[in-house]
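Please read the points below with the model open beside you, taking each one in turn and finding the parts it names before moving on.

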Amino acid sequence: MSSSLAKTLAESARSFDSTGSEVDYEPAALRIARPSAKPASGVPVLAGPARLGCRELFKSYQKGSVGIPVLQGVHFDVSDGEFVAIIGASGSGKSTLLHLLGTLDKPDAGEVLFDGNRIDNLPATSRDLLRNRHFGMIFQAYHLLPELTAFENVLAPAYIYESTLGYWAKRKQYRQRAMELLELVGLADRAKHKPSELSGGEMQRTAIARALMLKPEVLLADEPTGNLDRSTGDQVMKTLCELNEKQNLTIIMVTHDPLIAGQADRTVQIAEGRIVG
Amino acid sequence: MYKLLLCWRYLRTRYIALICIVSVTLGVATMIVVNSVMAGFTHEMQSRLNGMLGDLVIDCRSMDGAPDAAAHMQTIRRTVGDDVVGMSPTVNVPALLYFDVYGANGKRQSVTRQITLVGIDKSTYADVSEFGNYLQHPKNRDQLDFQLRENGYDTIDHMAEDMSKVQPRKQMKSAGWGYRRYKSMIEKQHAAEAATKQPKAGDEKAEVNEPFDPFKAQAEANGEAQGQEFDSAKEQHTGIVLGIGICGMRLANGSDHFLALPGDDVKISFPTASMPPKAISERYTIVDFYESKMNEYDSNFVFVPIRSLQESRGLVDPTTGVGKFTSIQIKLKPGADANAIRDKLKSAFPQEFYMVSTWRDKQGPLLAAVQMETAVLNVLLFMIIAVAGFGILAIFYMIVVEKTRDIGILKSLGASGRGVMGIFLTYGFSLGLVGAGAGFVIGWLFVRYINEIADGLGRLTGQPVFDPSVYYFYKIPTIVQPFTVAWILAGAVLIAVMASILPARRAARLHPVRALRYE
Ligand SMILES: Nc1ncnc2c1ncn2[C@@H]1O[C@H](COP(=O)(O)OP(=O)(O)O)[C@@H](O)[C@H]1O
Ligand SMILES: [Mg+2]
C-alpha cells in the first residue's frame, strides 16, 4: 500500500483523538475483573509485555453424544506490537482458537488474558465492548454487511459503539476517520459501492479498514488471504505488515499457508489441539 | 444507531416483508371503513331517532290516555324541572288512512295504509323534537299552523348536505292552494260529465272498480244535515302532516314520486275512546309532509292538531273541557343525565299506569343490534390483522435465518444481543407503522370518497350499490372517529411488534460463531 501509511494513520489518529471525548481504552468492566491467574509453570516467557494470551485452553464440540476435542490445552502469549502467525492444517482448530481469543466463544477450560486481565469469563456486555473497541477482526470470507456500502461497513463499529444521538454528534469525525481508512487501503473511490460491487481483495481491504475503525489494540485475522489469489493476497499481507511495523499494531493471524505465515514476526504451529512449536 | 440504519436498509431491500404487511394494511383500511360507516349510520340514526322521539317520553299504558296533561306537566316540572327545556303532550292512536290515487289510465283508486295517528300541540311540539325542521314548507318550519299554504313548498330537499345528488321534487312546485283549486275544478267537471252520461250508460260506472267508500256517504249525510255545501276550492278540512313515505316513494334513480300532495284530502278511521270502541272516520287536508329520513317514521306517522283528535276520539271531558293525552314528550337540557331523570319520574308516576322511557330505551333493540354488529365486525376484522401477524412472524423467521451471517458479523463487531433484537423489533415496528399508515390512508380515502366509489361501482355493475330508495339517505353517512382510528392503528402496530418478538429473540440468542460459520 502507500508508503506514507504510518504517517497517515498517525495523523488520522491525532485528529480523531484531538477531541478526546470518546476514547475509553480501558472499560470499567475490565478494571473490575482483575485476574488472579498467574502463568502456569512451564509456560515459555516472552520478551515484552504480553498483550493477549491464553492459558491451557480446552474446547470441544458436541456432536450428538460424543464430544470432539478441538483444542486440548492451547497455551501461548502475544506481546505488544508483535505479528504472530498461527499455522496449522485445515480443521486443526485455528479458527476456534481465534474465536476464543476474540471472546466470540467461551472455552471449556482455560483462560484468555488481555493486558494481563482475564477476559473469557467477563459478562456479555464487557465482551461486546472488547470486540467493539479493542479487537479488530478480519475473516476469510470478508463478512461485510451486504446492505451497507463500503463506507458504511467501515463505519459499522462506530455505529455499534455510539447511540444514535452520540453518533450524530460525532458523525463528522467518524466519517472523516472512515474516509481516511478507506484512503489508507486504497479504496477511497469505492466508498459508495456495496460489497457485491467489490472484488475479493477490495472487500478484504474494506474489512481491514473496518477492523481499524475504533483503533483496536489487537487485530485478529482468520485466513485473511484464504479466498484471494496470490497477488491480491500479497497486497493484503503488505497492508497488515505495514500496520504492524508503522502502527505497532499487535496482529494475530491464522493461516494454513506457510508462505503467508512466513511474513509474520513469529510463527506458532498448532496440531492436534496443541501448540507444537 | 445501526439498528435504525439496518432496519431502514432491510425495509428498502426486502419487498417480501412489505408484501406481508399488505394484509395489515387491508385489515386496517377495512376496519377504518367499517367503523366509519357504522359510526355514520349510528349517528345519523340516533340523531333522527332522538329528533323524532324527544329525550324522554311518558306514555300512558292505556291507549285511551289519562286526563289533564297540564297537571302532569306540572308534576314533571316539580320533580325534575331544572333539567327540562320543553314538554309537549300527544295523543297516539293506530289508524287507517285512505287516499285516492289516479293511475296512468286515469282511473281512480283508493289506497289504504296502516298508520299511527299523532295528535300534537303545534305550539310546543317543535320544542321537544326536531319535527319542525323536517317539514317541507319554510314557513311551516318556523311555525306549523295546520293551514294549507298557497304555494312555496320545497322542491329541493332542504336537509340534503350534497345538493349535487338531490333530484328536484317537481311535483311539490304545484302543491298548495293552487293545486287544490285546480283539482277541485277538475273534479267538478268530472262530476258534471258523469251526471250527464249516467242516464245513457248506466253500466259503465259499475266497471270502475271503486271500493265502498264509507266517507262519501257520511260526508254527504253531514253536508245535507248541516245544509251547507263544502267547497273544496275554498275550504280545507283539518290540516294533517303526512310522513313523506306514506304517499311518496323514491325511485331507483333517486327522484321522488308523490301519490298525493299538500292540497289533497285524505280520510282516516280510528277508534274512539268509548267502551266498546267504535271506528270513526274523519277527513283531513294534507298541509305538509315531514321527512325525518327514518323510514319507520316517515312511512308510519301522521300528525294532526291534538285538540281535533281529542274531540274526535271523545277524549274531552264534556263538563270541564279538559282533554286526555296518551304521552308527554320531554326535551332535556343538553348534557342532562336522561337515565337519572327517567328514574326520578318513574317514582313520581305510578308504574301501573305510566311508562317512562328515554329515547334510547325506546330504540334499545335497534341501537343494541347496531352496536352488536359493529362489535362483531371489529372482532372479525381484527382476526384478519392477527392472521397478518402470523404472516409477519413467518416471514421474519425467514429473514432472521437469511440474515444469520449478518447477525454473526454484527456480534463479532461488538453488537449486543439486545442490539440485534432491537433491529428486528424496530423492523417489525416500522413494518407495522408502514402497514397501518398505508391502511389509514387507504381507509381514509375510501371513506372520504365512499359515495363516489359506490356510484362508480353502481355504474360498473349496472346495479346501485347504495340504493337511496332503501335507506332514504342520499349519501352513505360516515364519521371518522379519531379515537377509534388511533385504537385500530395502535392495535395493528402492536400486533406487528408482537409478531416480531419471537424472531427477534431468536436473532438475539444466535451464537456468534455458529452464525459466522453459517452458510
Ligand atoms: N459447530 C461445530 N460443531 C461441531 N464441530 C465443529 C464445529 N465447528 C467446528 N467444528 C470442528 O472443529 C474442528 C476445528 O474447526 P476450525 O476451528 O474451523 O478449524 P480450522 O479453522 O483450523 O480449519 C473441525 O474439525 C471442525 O469440524
Ligand atoms: Mg478456519
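1. The domain assignment of chain B gives two domains, and each is made of two separate stretches of the chain: domain 1 covers 1-48 + 366-516, and domain 2 covers 56-188 + 231-335. In this predicted model, the C-alpha centres of domain 1 of chain B and domain 2 of chain B lie 51 Å apart.

2. Helix 15 (residues 364-402) of chain B and helix 20 (residues 482-509) of chain B have axes that come within 8 Å and cross at roughly 30 degrees. Since angles under 35 degrees count as roughly parallel, helix 15 of chain B and helix 20 of chain B are therefore described as roughly parallel to each other, and their crossing is right-handed.

3. The residues that meet between these two helices include B:Phe382, B:Gly389 and B:Tyr397 from helix 15 of chain B, and B:Trp487, B:Ser500 and B:Arg506 from helix 20 of chain B. Sorted by class, this contact has 17 nonpolar, three polar and one charged residues.

4. Turning to chain A, strand 1 (residues 50-63) of chain A pairs with strand 2 (residues 66-79) of chain A in the antiparallel sense, over eleven bridges. A:Gln62 stands opposite A:Gly67 in strand 2 of chain A, and in this hairpin, which has two residues between the strands, A:Gly64 takes a positive phi near 70 degrees.

5. Strand 1 of chain A also runs antiparallel to strand 4 (residues 109-114) of chain A, to which five bridges join it, with A:Gly53 opposite A:Leu113. Strand 4 of chain A in turn forms a hairpin with strand 5 of chain A, again with two residues between the strands, where A:Asp115 in the turn has a positive phi of about 55 degrees.

6. Which order do the six strands of the open sheet in chain A follow? The order is 6-7-8-3-9-10, and the pairing is mixed. Strand 6 (135-138) and strand 10 (274-275) of chain A stand at the edges with a single partner strand each, so one side of each is left without a neighbour in the sheet.

7. Strand 6 of chain A pairs with strand 7 (residues 218-222) of chain A in the parallel sense over four bridges, and A:Ile138 stands opposite A:Ala221. Helix 3 (residues 94-101) of chain A packs on this sheet, where strand 6 and strand 7 of chain A are among the strands it touches, and the direction of helix 3 makes about 155 degrees with that of strand 7 of chain A.

Methods: Residues numbered from 1 in each chain as written. Chains lettered and ligands numbered in written order. Predicted model: local features only at pLDDT ≥ 70, side-chain atom pairs only at ≥ 80, totals over all residues. Heavy atoms only, no water. Axes fitted to C-alpha atoms, helices over the stretch in contact; angles between N-to-C directions. Parallel < 35°, antiparallel > 145°, perpendicular 65-115°, else oblique. Left-handed = near helix turned anticlockwise from the far one by under 90°. Contact = heavy atoms within 4.5 Å. Nonpolar A, V, L, I, M, F, W, Y, C, P; charged D, E, K, R; others polar. Domains from an automatic or database assignment. Pairing = 2+ DSSP bridges.
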